[in-house]
Amino acid sequence: MRQANYYSLLTTYASVACFSYLAPLNCSTRMLHIAELKAFLNTPRKIFITTHSKPDGDALGSSLAMFHYLLKKGHEPTVVSPSDYGLYLHWMPGSESVLCLPESKDKVAKLLDETELIFCLDFNNYQRTEHLADALRNAKAPKVMIDHHLNPEEFEDYKLWNPDACATAELIYEFMYEMGDIHLLDSKISTCIYTGLVTDSGSFRYPNVTANVHRIVAALMDAGLEHTHVHTRIFDTFTEKRLRFFGLCIKDKLVILPDYRAAYISVTKEEIKEYDIKTGDTEGLVNFPLMISDVVFAALIIDREHIIKLSLRSKGDFPANEFGAKYFEGGGHLNAAGGSYKGTLDDAVVNFIKGLEEYKPLLLSM
């Protein structure tokens, strides 16, 4: 099932914390390994699971898969989201138990103070947790980071990190494998892992979807996954207003830039309000411009009132993450990235086109 040397089970020096049973050891001069983590989790623990702000299918799917897995191991896990998340994910098993900031601020603070272990899933930089960042940074419990994004901040005591993985959910499966617990897979865990895989892989069409990913899906199906049900709940639950909003964006807001083989959709805060667009309702919209054969790079640029948010998608080897980091203080993956802009929507568009001019030779060579 597992490819040799496919995953880097990397660890960092435990200079800020160590597990309680390692207390007699000099933690500043040794590293924490998977066997030690496994031994630590042989005893029931209070465990804090969190992910990045505005969690998507991979972030929440990974978190809830870990939640159900740890429950089966006899632990007391709690999933905390730094913000609300899209209605298209509220059906997921365990969603009703998720605590969201800022509403649950006091309860979350108490949990962080009492927790014995913190799982940081689908992020590797405190900044991505927004409302939770300071509290998480100051938390005393050891941190386990499981992630597939580039340039980790390296705040963790143990990490399972592979930037070539198609989703963090893929690494949750690998974590269970490394812990010797694949036999604990059930329909709930499989549903959550599959949600992460199908959403972060573009329904399994991105280049980082390997044969191993499909083997994992087969194992999830053997464990009770009903993939058609998951797909329907994620992709076929539009409200009328959301569908009409997509129609507006494709018909009237889509701008094609043939000189750059690029396109963008810009959305005003008034349009967001008119169509009652909630968290998660723009999911997938940025992919539509890439359906045009001559477009290799696309952006969705949205005025969120306090900040301009961007979603970036590309084909082939065009580095959406590099573009996002350079022009919009963002980043992500080669073909799927994001960023933000402090200014007006019009200025953000100007800045986007400025970036296209610099990358024009590469865009035209694709």
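1. A disulfide is counted here as a pair of cysteine sulfur atoms within 2.5 Å, and by this rule the count for the structure, which is a predicted model, comes to 0 disulfides. C192 is in no disulfide, for the nearest cysteine sulfur, that of C100, is 15 Å away. With a relative accessibility of 0%, C192 counts as buried, and C249 is likewise buried, with a relative accessible area of 0%.

2. The sheet deserves attention next, since several of the later points refer to its strands. It is an open sheet of 6 strands, in the order β7-β8-β9-β10-β12-β11, and its pairing is mixed. The edges are taken by β7 (254–257) and β11 (331–332), each of which has a single partner strand, so one side of each is left without a neighbour in the sheet.

3. Strand β8 (residues 262–267) runs parallel to β9 and is joined to it by 6 bridges; I265 has L300 in β9 as its bridge partner. Strand β10 (residues 308–314) runs antiparallel to β9, with 7 bridges joining the two, and here I301 stands opposite L310 in β10. The hairpin of β9 and β10 has 4 residues between the strands, and in this hairpin E305 takes a positive phi near 75°.

4. Is strand β9 largely enclosed by the rest of the structure, or is it left open? Because 7 of its 7 residues are buried, β9 is largely enclosed by the rest of the structure. The cover extends to both faces of the strand: F297, A299, I301 and D303 are buried on one side, and A298, L300 and I302 are buried on the other.

5. The pairing continues from β10 to strand β12 (residues 336–341), and these two strands pair in the antiparallel sense over 6 bridges.

6. The structure holds 19 aromatic pairs, and two of them are described here. The rings of F297 and F318 have their centres 4.7 Å apart and their planes at 45°, so the pair is tilted. Since F297 lies in strand β9 and F318 in the loop between β10 and α11 (320–328), this pair ties together parts that are 21 residues apart in sequence.

7. F323 and Y359 form another tilted aromatic pair, with 5.5 Å from centre to centre and 55° between the planes. F323 lies in helix α11, whereas Y359 lies in the loop between α12 (345–358) and α13 (360–365), so the pair ties together parts that are 36 residues apart in sequence. F323 counts as buried at 0% relative accessibility, and Y359 is buried with a relative accessible area of 7%. Ring pairs link F297, F318, F323 and Y359 into a cluster that also includes Y264, Y327, F328, Y341 and F352.

8. The residues N212, V213, I216, V217, A219 and L220 of α7 are buried. They cover an arc of only 160° around the axis, which puts them on the same side of α7. What covers the buried residues of α7 includes α5 (168–178) and α6 (187–200). After α7 comes G224, whose phi is positive, near 115°.

9. A last point concerns F238, which lies in the loop between α8 (227–235) and α9 (240–253). With a relative accessible area of 31%, F238 is partly exposed. Leaving aside residues up to four places away in sequence, F238 touches L243 and F246. The C-alpha atoms of F238 and L87 are separated by 9.9 Å, although these residues are 151 residues apart along the chain.

Conventions
Residues numbered from 1 in each chain as written. Predicted model: local features only at pLDDT ≥ 70, side-chain atom pairs only at ≥ 80, totals over all residues. Heavy atoms only, no water. Buried < 20%, exposed > 50% of the residue type's maximum accessible area, 1.4 Å probe, protein only. Pairing = 2+ DSSP bridges. Arc of directions from axis to C-beta. Contact = heavy atoms within 4.5 Å. Phe/Tyr/Trp six-rings, centres within 6.5 Å; stacked < 30°, edge-to-face > 60°.
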